[in-house]
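This report describes the arrangement of the chains, the fold of one chain and several local features. The structure is shown first.

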Amino acid sequence: MSQEAQLIWTDVEQIRAQAPLVHNITNFVVMNNTANALLALGASPAMVHAPEEVEDFVSISNALVVNIGTLDATFVAGMKLAMHRAKALGKPIVFDPVGVGATAYRNRVSEELLELAAPTIIRGNASEIMALAGLNAQTKGVDSLYGSEAAVEAAQRLSLVWGSVVVISGATDYVILGERVATIKNGHPLMTKVTGMGCTATALTGAFSAINADYFQAATHAMAVMGIAGEIAVEKDPAPGSLQVNFLNSLYELLEAAITNRLQLTQS
Amino acid sequence: MSQEAQLIWTDVEQIRAQAPLVHNITNFVVMNNTANALLALGASPAMVHAPEEVEDFVSISNALVVNIGTLDATFVAGMKLAMHRAKALGKPIVFDPVGVGATAYRNRVSEELLELAAPTIIRGNASEIMALAGLNAQTKGVDSLYGSEAAVEAAQRLSLVWGSVVVISGATDYVILGERVATIKNGHPLMTKVTGMGCTATALTGAFSAINADYFQAATHAMAVMGIAGEIAVEKDPAPGSLQVNFLNSLYELLEAAITNRLQLTQS
Amino acid sequence: MSQEAQLIWTDVEQIRAQAPLVHNITNFVVMNNTANALLALGASPAMVHAPEEVEDFVSISNALVVNIGTLDATFVAGMKLAMHRAKALGKPIVFDPVGVGATAYRNRVSEELLELAAPTIIRGNASEIMALAGLNAQTKGVDSLYGSEAAVEAAQRLSLVWGSVVVISGATDYVILGERVATIKNGHPLMTKVTGMGCTATALTGAFSAINADYFQAATHAMAVMGIAGEIAVEKDPAPGSLQVNFLNSLYELLEAAITNRLQLTQS
C-alpha cells in the first residue's frame, strides 16, 4: 500500500513537472470543469474538435481523451481523425463512452471508434461498460442502474477484445487489464451530485497516461487521486456547489500525506 | 399558503425519490449549471442534441427541455425531432425562447417550434414573452427591457393560442394558464447577475413537470423553489460568484421549513 | 498614476451605468465564465454564433468579441459574417487568437479573419502574438512558451500592419498601438491555473471598448481591472477553484480605492 502510494505520488510530481499537453475532444457540459481539473493537477489541457485540425493537434499532444457525452456528426468526425492519428503515433487514447446503451447512435459510434483505434484505456460506469461489451444493459440516460461490481465480467471481456485497460467507476472503482484487477474504494457518494465527475476522472486519466506508460498503473493512480481529492473536498463542505470548487482546490493542493493516509487500493 | 407550501414540498420529495430523467437541448453557456441544478434538486439530467439520437432519447426521458440560447442549424434540427417525438409520446415539453425578438432567425425558429409541437410550458422574461406573442417588444440581447407585469396580457394570449402554461420571470414571476394566474415574489435581484439563472428555472420546471401532471402547479412550484433557493444563497453571500455555488448548495439542502417560511405565492 | 486610476474608474462606472451589450462568438470552454465576468463587471453579455443571425445581432450590440478557442466551420462562418458587419457599422471588434500557431487551420482562419476585418484590439499570450505576426513561434497547445516581453516587437509589427491595439498578456501585460506602449504588472500567477482567464480578459476588453472609443485606453483599463480583481481574489484564497468564484465577486464589488491602491501601470 505504502509503496503504491509512493508510485502515485511520483506520477503526480511528474505531471506537475512536465505539464503534459492533454488533447480533449469532450462534451459541452464538462469542458470547463475538466480543463480546470487538468490545470489543478498540473497538466496543460486543450479542447480541440474540428476535423480540420485534430490531427495536427494530436501530433503535438501527449495524450488524447475522447468523450462522447454530447456527440454530433462534427465531433464524431473529429474523434475519428484524432483517434486514428493518435494510434498511428502510439499516443495514449482514453475513451469515455458516456451514455452508451441509451441510444442506437451512441452504440454505433462507440463501436466504430473502438474498431478504428482500440483505446489505451476505457472508463465508464457499470451500465456503460456493460453496454459497450455488448450486454443488454439498461441505462438511465447517463447514469448507471448497476453497482460497479456488476460490470467486472463485461470489463474483462472488453479488455480481452480490445487490449485496453478498462475502468469501471462507482462506489468501488475497478481497473482491469486481462487478469489484473485493482479496486479503489476512495471517493464519496456526493460526487455523483456534481455533473461530469466521471468525465473529470477520464480527463485526469489522460494526464496520468501521458507520463506513465504502464497504463494499468496510470488508470489506477488517476482513479485514486480523483477519489482522494473528492473525499477531502466533501469533508470541507458536504454540498454539491462547494464540492465542485473544493475539488479543484484539493487537486491543486494535494500532498503526498493525503495519498498515504487515505489510499484504499487493493490489487490482485 | 401553507397548503401550497405542502404541495411544493411533496413535489420536491417526489423528484428526490424518482430522480426523473430530464432531457435538455439547451445552450452552451448554461449546460453545466443546469445539469448541476437538476442534480442538486434530485433529478437526473442529460444533454443530448444530435438529430441522430434525440428521438431515442426522448423515448426514455420523463420530460424535454428546449432552450434556444445558442441555437444553430444542427441544434434546431435536433429540437424539432425531439419536440415532435415528445408530443407524440405525450411527454411534457418546456420551452425557453432565449433572446427571441433580438433576431429574425430566433423569431422564425421559435414560431416553427411552436407550430410543430405546442409546448406544455413556456418560460421567458417579459421581452421574450411579448416577442413570442407577436408584439413588437424591444429586447436588449438576452435581457428584458420590461418588468414582468408588462407581459401579462401577452402571456395570456400565448397561453390561449398554444394551450401552454406561460411563465414570465422577473422581480415578480407570473404563471399563467388561460384565466389562472399565480404570482411568486420570491428570489433576489442579484440572481440576474449570474448567467443562465432563467435557463436554470426552465430546467427545474422540466423536473417538476416530469412528476406533477398539473403543469400549472409544476411551473408554479418550480419558480417558487428557484426563488427560495436563490434567496437563501444570496443571504449566505451577496456576490455573484458565491451565488452560483451557494444556489446549488441551497437546492440540495432545501428543507420544507424554508418553503413554508419564505413562500410568497398568490393565486387567482 | 492617480489620474490613470481615475480614468479606469470612470470607465467602470460607465459600464455599470450603460450595461453595454457585448456580442461574443467564443469557445465552449469559457462561455459561462466570460458571460459571468461581463455580468459581474456590469455589462450585458450574449453568446450568438449562428451564421443565420450574427449580422442581426451585431447590429444591436455595442462591441463584438471573437475568440477561436474551439473553432469549427460553423463558428468560423459566423465569425466572418459578424466581423464583416461590425466593421461596416464601425463597432469595436476584439479578437483573441487562442492557440494560433498550434495548427495550420488556426493560422489560416486567423489570417482570413484579419484580412476580412482588421480588429480594433487583438489580445493573446506571447506565443499567440508571435505566431499571428508570422514568426515561427513555438506553442504548447493554448499555453505560451515565452514571457510576454518576448513578443513586444511582434506586437508592434501586428499593430502597424492592421492598425490594431495589440495586447500581450503575461506576468507583465503589454498594450501596444504603434509607438504607444503601456505595461501593467497587476495580476497573479495563480490566474494561469484557471482555464479561460485570458479569454475573460478579452471579453472584458470588449466591454471597455464599448464605452471608451480611445481603444488603447480601453484595452489598458480592461487589463488593469482584470489583474486587480484577480489579485484581490487570490488574496482571499490562493487556490484555483476558489479563485474562479472570488474573481467574479471581486469584479462585482470592485471599488475605486482598489484601483488607486493597486494599479501598476506605466505608459510610454
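## Basis of the description

A residue is called buried when its relative accessible area is under 20%, exposed when it is over 50%, and partly exposed in between, with a 1.4 Å probe and protein chains only. The model is predicted: local features need pLDDT of at least 70, side-chain atom pairs count only at pLDDT 80 or more, and totals for chains, interfaces and linings use all residues. Residues are numbered from 1 along each chain as its sequence is written, chains are lettered from A and ligands numbered from 1 in the order in which they are written, and side-chain values use heavy atoms, with hydrogens and water left out.

## Ile68 of chain A

With a relative accessible area of 0%, Ile68(A) is buried. Ile68(A) belongs to the loop that connects strand 3 (63-67) with helix 4 (73-89) of chain A. Helices (H or I, at least four residues) and strands (E, at least two) are DSSP runs, numbered from the N terminus.

A contact means heavy atoms within 4.5 Å. Leaving aside residues up to four places away in sequence, Ile68(A) touches Met79(A), Phe95(A), Asp96(A), Pro97(A), Val98(A), Arg106(A), Ser110(A) and Leu113(A). Glu115(A) lies 47 residues from Ile68(A) along the chain, and their C-alpha atoms are separated by 15 Å.

## Overall form of chain A

Chain A contains 11 helices and 11 strands. Its C-alpha atoms occupy a box of roughly 45 × 40 × 35 Å along the principal axes.

Of the 268 residues in chain A, 66% are buried. Among the contacts of chain A with a separation of 6 or more, 69% are between residues 24 or more positions apart. The accessible surface of chain A is about 8500 Å², and carbon and sulfur atoms contribute 50% of this area. Accessible areas come from the Shrake-Rupley method with a 1.4 Å probe; for residues, only the protein chains shown count as cover.

Two strands pair if DSSP finds at least two bridges between them. Strand 9 (residues 173-177) of chain A runs antiparallel to strand 10 of chain A, and 5 bridges join them. Within this pair, Val175(A) stands opposite Ala182(A) in strand 10. The two strands form a hairpin with 2 residues between them, and Gly178(A) in the turn has a positive phi of about 55°.

Strand 10 (residues 180-184) of chain A is mostly covered, with 4 of its 5 residues buried. Strand 10 also pairs with strand 11 (residues 265-267) of chain A, in the antiparallel sense and over 3 bridges. Here Thr183(A) faces Thr266(A) in strand 11 as its opposite residue.

Helix 2 (residues 31-41) of chain A is largely enclosed by the rest of the structure, because 11 of its 11 residues are buried. Among them are Met31(A), Asn32(A), Leu38(A) and Leu41(A). Gly42(A), with a positive phi near 120°, follows helix 2.

Ala19(A) has a positive phi of about 45° although it is not a glycine. Ala19(A) is placed in the loop between helix 1 (2-18) and strand 1 (21-25) of chain A. In chain C, Ala19(C) likewise has a positive phi of about 45° without being a glycine, and it lies in the loop between helix 1 (2-18) and strand 1 (21-25) of that chain.

## Relation between the chains

## Cysteines

A disulfide is a pair of cysteine sulfur atoms within 2.5 Å, and the structure holds 0 disulfides over all chains. Cys199(B) is buried at 12% relative accessibility, and Cys199(C) is buried with a relative accessible area of 11%.
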